[in-house]
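User: I have a structure to go through with you. Can we take it piece by piece?
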Amino acid sequence: MMNLENMIHVLASHTVAQNLVELWGNDEGSLELWRASSNFVYAFKQHQNQYFLRFSFEQNQTMDQWKAELEYMQYLYLNGFPSVVPIRSKNGELIETLMAPEGTYMAVVFSKANGINLDSDDITEIQMEKWGESLGSLHYLSKKFEPGFVRRKSWLDTVELMEDVFQRHPSDRIALEELNKVTSWLQSLPKDNETYGIIHYDFQLDNIFFEENKNSFNVIDFDDAMYHWYAIDIVTALDDFIGEENPSSKVLMRSFLNGYRSKMNLENDIVAQFPRFQRYANLYKFYKLSISLDHEVIMDAPSWYDGLRGKLMRVKDDLRITFQKPW
C-alpha cells in the first residue's frame, strides 16, 4: 500500500494520470482508475486496444529498480513465459517521468493480460495445479536469468527498510524483535541456484489471469520482484490457503505443489518451513501498512478515507498477534 496522503492527493483530480497517459496517447474518454495500492494503475484504450498505465512517486522506487523490473519481465516474455510487456511511449521510452509540485512521478504502460481472475472459493484442483506449474515455470527461468548493470533488490534490502521504519515507531517494537528473529533464521538457510533467485513475490490470484482455451495463466505486477528463496513465492501465493484446516484447502494446496514440482524441485523439508517463511511475509505486509499509515492528520479527507484507514489498522493489529507466536 502507498501512503494514504499521496493516494488522496492523486485521486482528487486524476490530473497526474491524464498528463502521463498523453505521453503514450489514448482514445478520448477512455482513461479510468483500475487499482490504487502500491502504485496507481489506470486502464485506457489506444485505437480501441486496452492498455494499463502504472505510476508512482520516484521516492517510492528508484528508476534503476524499475529498469531492472522491466528487464526481468522482458526476459520472461522472450523465453515464452506468458506475462504482460511494457509499451514504449511516443518518445520511444519504456519509462517516462513527470515533474509536479509534490515531486516526480515515474510511469510505465503495459499490455493487457488475456484471461480472467479466478476466485479462491471456486478454483478447481486442475486450475490450482496449473497455477503451481506457472510459478514453477517462472522460477525455472529465474535460475537462468542474468541481469544487466542493475539488479533488483534482495530480501536483505527489505530488512533494512523494515528495520528503519520499525525503529521510528515505538509501538512497533514487537515487529522489530520479530524481524531480528526472522533475519537470523533466513541467514542460516542454504542459498543456491536451486532454492534462491529472483521471484515475483505477489503471485496471487488478483495478479494472474486464466485463459481457459489455453489452460494457462498470464501474469502481471512484478513491482515487488526481489531476490529471495523461491519458497516465499509459494507461501505468498497460497496466503488464502495456508493454515486452513478444511480438507478442501489441503487438497487444493497439494494440487498446486504437484504442479510446481512438475517444473521445479521442491523438497519436503522446505515445505515444512512454510510457516517460518510466512513470518517474513507477515512482517513485509506489516511494513507496507506502516508506510501507508505514516502521515499527519488529514483535514477534509474524502469519504472513503476513514473506512480504509480503519481496515488497514485492523490488519496491522492482526499481524501483531502473529509476531507473538512461538518459534
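User: Which residues of α8 are buried?
Analyst: S249, L252, M253, S255, F256, L257, G259 and Y260. Buried means under 20% relative accessible area, exposed over 50%, and partly exposed in between, with a 1.4 Å probe and protein chains only. Helices here are DSSP runs of H or I with at least four residues, strands are runs of E with at least two, and both are numbered from the N terminus.

User: What kind of model is this, and what are the ground rules?
Analyst: This is a predicted model, where local features need pLDDT of at least 70, side-chain atom pairs count only at pLDDT 80 or more, and totals for chains, interfaces and linings use all residues. Residues are numbered from 1 along each chain as its sequence is written, and side-chain values use heavy atoms, with hydrogens and water left out.

User: Back to α8. What do its buried residues pack against?
Analyst: They pack against α4, α7, α9 (268-272) and α10. Contact means heavy atoms within 4.5 Å.

User: How far does α8 reach?
Analyst: α8 has 15 residues and reaches 21 Å from its first C-alpha to its last. That is close to the 21 Å expected at 1.5 Å a residue. The expected span is 1.5 Å times one less than the number of residues.

User: And α4, how far does that reach?
Analyst: 26 Å between its first and last C-alpha, for 18 residues. The expected value is 26 Å, so α4 is close to it.

User: Which parts of α4 are buried, and what covers them?
Analyst: The buried residues include Q127, M128, W131, G132, L135 and H139. The cover includes α3 (63-78), β7 (196-199), β8 (208-211), β9, α7 and α8.

User: New topic. How many aromatic pairs are there?
Analyst: A search of the whole structure finds 22. Rings of Phe, Tyr and Trp (its six-membered ring) pair if their centres lie within 6.5 Å. Planes under 30 degrees apart count as stacked, over 60 as edge-to-face and the rest as tilted. One of the pairs is W131 with F241, which is edge-to-face: 6.2 Å centre to centre, 65° between the planes.

User: Where do those two sit?
Analyst: W131 is in helix α4 (residues 125-142), and F241 is in the loop between α7 (230-237) and α8 (247-261). So the pair ties together parts that are 110 residues apart in sequence.

User: Are W131 and F241 buried or exposed?
Analyst: Both are buried.

User: Which rings form a cluster?
Analyst: F40, Y42, F55, F57 and Y105, linked by ring pairs.

User: Which charged side chains sit over rings?
Analyst: R54 lies over the face of W66, at 4.5 Å from the ring centre. The charged end of K191 sits over the ring of Y196, 4.8 Å from its centre. The cut-off is NZ of Lys or CZ of Arg within 6 Å of the ring centre and within 35 degrees of the ring normal.

User: On to α10. What does its length look like?
Analyst: Helix α10 (residues 274-292) has 19 residues, so at 1.5 Å a residue it should span 27 Å. Its end C-alpha atoms are 27 Å apart, which agrees. α10 is mostly covered, with 15 of its 19 residues buried.

User: How do α7 and α10 pack?
Analyst: At an angle of about 80°, with their axes 9 Å apart. That makes α7 roughly perpendicular to α10. Angles of 65 to 115 degrees count as that; under 35 is roughly parallel, over 145 roughly antiparallel, and the rest oblique. Axes are lines fitted to C-alpha atoms, for helices over the stretch in contact, and angles run from 0 to 180 degrees between N-to-C directions.

User: Which residues make the contact?
Analyst: A231, I232, I234, V235 and T236 of α7 meet F274, F277, Q278, Y280 and A281 of α10.

User: Last one. What does L23 touch?
Analyst: S89, K90, N91, E96 and T97, not counting residues up to four places away in sequence. The C-alpha atoms of L23 and S89 are separated by 5.9 Å, though the two are 66 residues apart along the chain.
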